[in-house]
Amino acid sequence: MAASLRERDPWYEHGRKMTYIARLPAWIKSAKNRTDVLRVIDRPRASVTQR
C-alpha cells in the first residue's frame, strides 16, 4: 500500500524553490566572516592568474 503523505525537503517541491543563498550555511552569510570568506574565494583565482 502506498503512503498517503510523502515528506520531502523544501528544495524538491514544485512550487517555491530555495535560492542558492538560502542553502548556504549561516556562518558564510554572517558579516563578521566576510573577509575570511572572500579570502578563501580569491585563493584559487589568484593561483590561476599568476601562471
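How many aromatic pairs does a search of the whole structure find? The search finds 0. The views below come from a predicted model.

**Figure 1. Overall fold of the predicted chain, with 3 helices.** The secondary structure has 0 strands. Read from the N terminus, the order of elements is α-α-α. The chain has 51 residues, and 4% of them count as buried. Its accessible surface is about 5400 Å². Carbon and sulfur atoms supply 56% of that surface.

**Figure 2. Close-up of Arg-23 and Tyr-20.** The charged end of Arg-23 sits over the Tyr-20 ring. The distance to the ring centre is 5.4 Å. Aromatic pairs, by contrast, number 0 in the whole structure.

**Figure 3. Close-up of the salt bridge between Arg-39 and Asp-36.** The structure holds 1 salt bridge. Here the two side chains, of Arg-39 and Asp-36, meet at 2.9 Å, N to O. Both residues belong to helix H3, which covers residues 34-49. They are about one helical turn apart, because 3 residues separate them in that helix.

**Figure 4. Accessibility of the salt-bridge partners, Arg-39 and Asp-36.** Are these residues buried, exposed or partly exposed? Arg-39 has 46% relative accessibility, so it counts as partly exposed. Asp-36 has 38% relative accessibility, so this residue also counts as partly exposed.

Key:
Residues numbered from 1 in each chain as written. Predicted model: local features only at pLDDT ≥ 70, side-chain atom pairs only at ≥ 80, totals over all residues. Heavy atoms only, no water. Phe/Tyr/Trp six-rings, centres within 6.5 Å; stacked < 30°, edge-to-face > 60°. Lys NZ or Arg CZ within 6 Å of the ring centre and 35° of its normal. Salt bridge = Lys/Arg side-chain N within 4 Å of Asp/Glu carboxyl O. Helix = DSSP H or I, 4+ residues; strand = E, 2+ residues; numbered from the N terminus. Buried < 20%, exposed > 50% of the residue type's maximum accessible area, 1.4 Å probe, protein only. Areas by Shrake-Rupley, 256 points an atom, 1.4 Å probe, with all protein chains shown as cover.
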